[in-house]
Amino acid sequence: MDYKRERRRGRGLLLALLGLVLLLDLLAGIFTPVLLWRQLQQPLTSAFLGFTLTAAFLDLLPTAVILWAIYRGSWPGLALLCISVIQSVGGLIGTLQFGGTGALNSNTALSAVLLLARVTLLLALFRHDDVSRYWSLQQAGRQRRDLAVEIIVFVLALLLSYSSGIIAGYIL
């Protein structure tokens, strides 16, 4: 058995899944405000699009830190991903239950695809041989200070994300 090749394949698949979740989350962050702005019958200006992109990137920071922690083999990062999957399932069920036929739109479809990507990432971490082996090796190489660094970076990302929400409330 070629362990280096299996490790590279597991790393590549894990990076691809993490990138897919990050890309879909970014698309959801950009698509939702643009859709709401168009429902208000407002023309899309460059200032609004610039602000939307900036807010989407700032809102994406906590998710990016969680995915980075998962890549590094962090159990707390995995727990936060599981919590986000449970929240997404609850939000999607609530949207479909209380939204009626009006809930069947592109925003709901994007939420369902993002949920599917997160569940696929979880399944790959637990069930795919190469990915789970690579993740176990990453986890074995962790030190105590790694968790402290991840917590500090996550708190900073949450503060930046929260500040973008406050600024958006003042501007809009």
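Modeller: In this predicted model, a residue is called buried when its relative accessible area is under 20%.

Biologist: Why is Ser-74 called buried?

Modeller: The relative accessibility of Ser-74 is 1%, and the cut-off is under 20%; therefore Ser-74 counts as buried.

Biologist: Where is Ser-74 placed, and what is it in contact with beyond its neighbours within four places in sequence?

Modeller: Ser-74 sits in the loop between helix H2 (46–71) and helix H3 (75–99). Apart from those neighbours, its contacts are Ala-69, Trp-135, Arg-142 and Glu-150.

Biologist: What makes the pair Ser-74 and Gly-77 a polar contact?

Modeller: A polar atom of the Ser-74 side chain lies 3.2 Å from the backbone nitrogen of Gly-77. The cut-off is within 3.5 Å, so the distance of 3.2 Å meets it.

Biologist: Which residues of helix H5 are buried?

Modeller: In H5, the buried residues are Asp-130, Val-131, Ser-132, Tyr-134, Trp-135 and Gln-138. Trp-135 is also one of the contacts of Ser-74.

Biologist: How do you know that the span of H5 is close to the expected one?

Modeller: H5 (residues 129–140) has 12 residues and reaches 16 Å from its first C-alpha to its last, against an expected 16 Å.

Biologist: How do H3 and helix H4 cross?

Modeller: The axes of H3 and H4 (residues 106–127) come within 10 Å and cross at roughly 145 degrees. The crossing is left-handed. Residues of the contact include Trp-75 and Leu-78 of H3 and Thr-108 and Arg-118 of H4.

Biologist: How many residues of the contact of H3 with H4 are nonpolar, polar and charged?

Modeller: The contact has 15 nonpolar residues, 5 polar and 1 charged.

Methods: Residues are numbered from 1 along each chain as its sequence is written. This is a predicted model: local features need pLDDT of at least 70, side-chain atom pairs count only at pLDDT 80 or more; totals for chains, interfaces and linings use all residues. Side-chain values use heavy atoms; hydrogens and water are left out. Helices (H or I, at least four residues) and strands (E, at least two) are DSSP runs, numbered from the N terminus. The expected span of a helix is 1.5 Å times one less than its number of residues. Buried means under 20% relative accessible area, exposed over 50%, partly exposed in between (1.4 Å probe, protein chains only). A polar contact is a pair of N or O atoms within 3.5 Å; within protein, one must be able to donate a hydrogen and the other to accept it, and residues adjacent in sequence count only if both atoms are side-chain atoms. Contact means heavy atoms within 4.5 Å. Axes are lines fitted to C-alpha atoms, for helices over the stretch in contact, and angles run from 0 to 180 degrees between N-to-C directions. A crossing is left-handed if the near helix is turned anticlockwise from the far one by less than a right angle, and right-handed if clockwise. Ala, Val, Leu, Ile, Met, Phe, Trp, Tyr, Cys and Pro count as nonpolar, Asp, Glu, Lys and Arg as charged, and the others, Gly among them, as polar.
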